[in-house]
Amino acid sequence: MSPSAVDFGAVPWPVRTRRTSLRPVRPDDREAVHAHRGLDEVATYLSRGPLDLDEVAERIASDLARARPGHPEPLLGLVIEVDGAVVGDAMVRLEPDGPDGWAAFLGYTIHPGLAGSGLATEVAEALVRLCFAYLDVAVVKADVFVPHRASQRVLEKAGLRRVAEKPAGSDGDGHPRMDDYVYAVTAAEWAASAPGDGGRSPG
Ligand SMILES: CC(C)(COP(=O)(O)OP(=O)(O)OC[C@H]1O[C@@H](n2cnc3c(N)ncnc32)[C@H](O)[C@@H]1OP(=O)(O)O)[C@@H](O)C(=O)NCCC(=O)NCCS
């Protein structure tokens, strides 16, 4: 049995961070997304290789279908904009977490021309906040290949911690080629993690 349906419509778009703006992906983002998703270096630690333009279009169509209310495999596909230009993409994929709740799995990609300046960390922090504030998930998780230290740092800075290791090819749709670390933060851990005495407010 699945938990009650997720409503991505509850999220007020765009979601802004200090330098970025996040919004749901659209079909006309195809070229802009391909500009980074088509690069070999971007795919090194992703479970799929570089995407051609048609594959990007298929992925956007699938994301849009999965974002509709009641879809059995809910997923929110987003683009990351800086100064109005698409510089990356992100996703929140939901899986049942027991009979009553959802676990959210995060993904993010930044164009290599802008890597190393903290943008992915801003985005990951915003995605965690979005998941707990608007999607009411029980836990936020991410799978990261073991050698991918940069993404592990992003998750650690966003408040997740390493909770498990999965051998390559053990499960998942992505047919991983390397061992994975699982990172996670629960709603209670996240609420308690803000500096000071007051904890985090969800908005
Ligand atoms: C991984 C990725 C998202 C990082 O984006 P970014 O905007 O450069 O990330 P940030 O600048 O917020 O943080 C990167 C952190 O990794 C660290 N880092 C970068 N390269 C590293 C390396 N080779 N080894 C160890 N740490 C590294 C940085 O120093 C920084 O940590 P710090 O703040 O403690 O110094 C980006 O490179 C990317 O999109 N890669 C391709 C897609 C991808 O792999 N997505 C993640 C799938 S799990």
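## Two packed helices

A crossing of two helices is called left-handed if the near helix is turned anticlockwise from the far one by less than a right angle, and right-handed if it is turned clockwise. In this predicted model, H1 passes H3 in a right-handed crossing. The contact is made by Arg-30, Val-33, His-34 and Arg-37 on the side of H1, and by Leu-53, Val-56, Ala-57 and Ile-60 on the side of H3. Sorted by class, these contact residues of H1 and H3 comprise five nonpolar, one polar and two charged.

Two packed helices are described by the angle between their axes and the distance between the axes. For helix H1 (residues 30–37) and helix H3 (residues 53–66), the angle is about 115° and the axes are 9 Å apart.

## The sheet and its edges

Eight strands form an open sheet, in which the order is E1-E2-E3-E4-E5-E6-E8-E7 and the pairing is mixed. Strand E1 (15–16) and strand E7 (161–166) stand at the edges, and because each has a single partner strand, one side of each is left without a neighbour in the sheet. The partner strand E8 (residues 180–186) runs antiparallel to E7 and is joined to it by five bridges. Within this pair, Glu-165 has Tyr-181 in E8 as its bridge partner, while Arg-162 stands opposite Tyr-183 in E8. Of the six residues of E7, the number buried is zero, so this strand lies largely in the open.

## Two hairpins

Strand E3 (residues 75–82) and strand E4 (residues 85–97) pair in the antiparallel sense over eight bridges, and Leu-76 is found opposite Val-92 in E4. The hairpin of E3 and E4 has two residues between the strands, and in this hairpin Asp-83 takes a positive phi near 50°.

E4 also pairs with E5 in the antiparallel sense, here over ten bridges, with Gly-88 placed opposite Ile-110 in E5. Three residues lie between the strands in the hairpin of E4 and E5, where Gly-98 adopts a positive phi near 80°.

## Helices against the sheet

H5 lies across E6, E7 and E8, and its direction runs at about 165° to that of E6. Strand E6 (residues 139–145) includes Phe-145. A residue is counted as buried if 20 or more other C-beta atoms lie within 10 Å of its own, and Phe-145 counts as buried because it has 20 C-beta neighbours inside 10 Å. The C-alpha atom of Phe-145 is separated by 15 Å from that of Leu-160, a residue 15 positions away along the chain.

## Around the ligand

The ligand is surrounded by 20 residues, of which the closest are Ala-115, Ala-120, Thr-121, Arg-149 and Ala-150. Strand E5 (101–110), helix H4 (119–134) and helix H5 (149–157) are the elements that give two or more residues to the shell around the ligand. Among the elements, H5 gives the most to this shell, with five residues.

By class, the shell around the ligand holds eleven nonpolar, seven polar and two charged residues.

Terms used: Residues are numbered from 1 along each chain as its sequence is written. This is a predicted model: local features need pLDDT of at least 70, side-chain atom pairs count only at pLDDT 80 or more; totals for chains, interfaces and linings use all residues. A residue is near a molecule or strand if its C-beta atom, placed from the backbone, lies within 6 Å of it. Helices (H or I, at least four residues) and strands (E, at least two) are DSSP runs, numbered from the N terminus. Ala, Val, Leu, Ile, Met, Phe, Trp, Tyr, Cys and Pro count as nonpolar, Asp, Glu, Lys and Arg as charged, and the others, Gly among them, as polar. Axes are lines fitted to C-alpha atoms, for helices over the stretch in contact, and angles run from 0 to 180 degrees between N-to-C directions. Two residues are in contact if their C-beta atoms, placed from the backbone, lie within 7 Å. A residue is buried if 20 or more other C-beta atoms lie within 10 Å of its own, exposed if 12 or fewer, and partly exposed in between; C-beta atoms are placed from the backbone. Two strands pair if DSSP finds at least two bridges between them.
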